[in-house]
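Here is a walk through one protein chain, from its overall layout to single residues. Keep the structure in view while reading.

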Amino acid sequence: VSHRKASASNRKASASDHKASASDHKASASGTGPQGRPDAAGDVDYIIYTDGSCLRNPAGPGGYAVLLLDAAGNLLRELSGGEPSTTNNRMELMAGITALEAVEPGCRVALYTDSQYMQNGFVKYWLRNWKRNGWKTATGNPVSNQDLWQRLDALVLSHQVQFHWVKGHANQEYNERCDELAKTAAKSQPR
């Protein structure tokens with residue numbers, strides 16, 4: 001498979017033309033190798049790190065960030081954004097959405113996150129169960145952040161995504177950079 005790298009412009013990255021199904025949602029408990037670099041993520045087109053931040057959770061200014069790397073671990077792009085009044089979980093989901101919107105459908109992606117909320121939505125099948133229950137939790141309550149879960153679900157299904165959890169604030173280079181970008185984006189929001 002040939003890999004076309006994304007440029008610093010807004011052009012989307014592209015790769016193979018495979019379609020993902022729910023069975024393609026994979027996870028790994030490990031996230032990094034020596035010196036906090038990505039471990040062998042397998043046969044992927046892109047390695048992506050995401051993070052979200054909220055300065056006063058809930059209803060405070062928030063930010064999200066994405067690092068997009070090629071399969072060899074070379075940084076291609078840094079993306080970030082924010083909202084003036086949000087929650088940490090919403091910013092974590094926005095980071096995942098922004099990440100997968102940055103690459104064309106069909107890409108094989110290793111997505112590293114310190115958000116168990118986002119990862120568990122897929123690897124513990126919370127999302128599948130919520131949809132089956134009419135967007136209700138196991139206790140019958142409406143699912144929080146349904147709008148973002150629906151967007152993220154559609155993006156995950158259009159890619160081949162392997163979810164990897166990385167411990168936050170543990171000196172992992174890419175996770176720390178995402179945290180810095182997300183906090184900067186949150187601080188830049190109007191109050």
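From the N terminus on, the chain runs β-β-β-β-α-β-α-α-α-β-α. That comes to 5 helices and 6 strands. Helices (H or I, at least four residues) and strands (E, at least two) are DSSP runs, numbered from the N terminus.

The model is predicted: local features need pLDDT of at least 70, side-chain atom pairs count only at pLDDT 80 or more, and totals for chains, interfaces and linings use all residues. Residues are numbered from 1 along each chain as its sequence is written, and side-chain values use heavy atoms, with hydrogens and water left out.

How confident is the predictor? The score is pLDDT, the predictor's confidence in each residue, from 0 to 100. Its mean over the protein chain is 83, and 78% of the residues reach 70 or more. Residues 1-37 are another matter: there the pLDDT is below 50. In the model this stretch still has 93 contacts beyond near neighbours in sequence. A contact means heavy atoms within 4.5 Å. Where pLDDT is low, the predicted coordinates should not be read in detail.

Now the chain as a whole. Of its 191 residues, 50% are buried. Buried means under 20% relative accessible area, exposed over 50%, and partly exposed in between (1.4 Å probe, protein chains only). The accessible surface is about 9,000 Å², and carbon and sulfur atoms hold 48% of that. These areas come from the Shrake-Rupley method with a 1.4 Å probe; for residues, only the protein chains shown count as cover. Take the contacts with a separation of 6 or more: residues 24 or more positions apart account for 71% of them.

Start with helix H1 (88-101). H1 has 14 residues and reaches 20 Å from its first C-alpha to its last, close to the 20 Å expected. The expected span is 1.5 Å times one less than the number of residues. How much of H1 is buried? The count is 11 of the 14 residues, so H1 is largely enclosed by the rest of the structure. Among the buried residues are Arg90 and Glu92, along with Met91, Leu93 and Met94. Gly96, Ile97 and Leu100 are buried too.

Helix H4 covers residues 146-157. Its 12 residues reach 16 Å from first C-alpha to last, close to the 16 Å expected. Which residues of H4 are buried? They are Leu148, Trp149, Leu152, Asp153, Leu155 and Val156. They cover an arc of only 165° around the axis, which puts them on the same side of H4. The arc is that of the directions from the helix axis to the C-beta atoms. An α-helix has 3.6 residues a turn, so residues three or four places apart point the same way. The buried residues of H4 pack against helix H1, helix H2 (116-123), helix H3 (126-132) and strand S6 (160-165).

Asn120 sits in helix H2. Asn120 is buried, at 10% relative accessibility. Leaving out residues up to four places away in sequence, Asn120 touches Tyr125 and Trp126. Tyr125 lies in the loop between H2 and H3. Its relative accessible area is 38%, so Tyr125 is partly exposed.

The backbone of Tyr125 also deserves a look. Tyr125 has a positive phi of about 65° although it is not a glycine. Asn171 has a positive phi as well, near 60°. Asn171 is found in the loop between S6 and helix H5 (173-187). Asn171 is exposed, with a relative accessible area of 70%. One peptide bond stands out too: from Asn57 to Pro58 it is cis, with omega near -5°. Pro58 belongs to the loop between strand S2 (46-54) and strand S3 (60-70). Most residues other than glycine have a negative phi, and most peptide bonds are trans.

Finish in helix H5, with Ala185. Buried or exposed? At 7% relative accessibility, Ala185 counts as buried. Its C-alpha is separated by 5.6 Å from that of Gly81, 104 residues apart along the chain. Leaving aside neighbours within four places in sequence, Ala185 is in contact with Gly62, Gly63, Tyr64, Ser80 and Gly81.

Last, the cysteines. Cys54 counts as buried at 14% relative accessibility. Cys178 counts as buried at 0%. The whole structure holds 0 disulfides, a disulfide being a pair of cysteine sulfur atoms within 2.5 Å.
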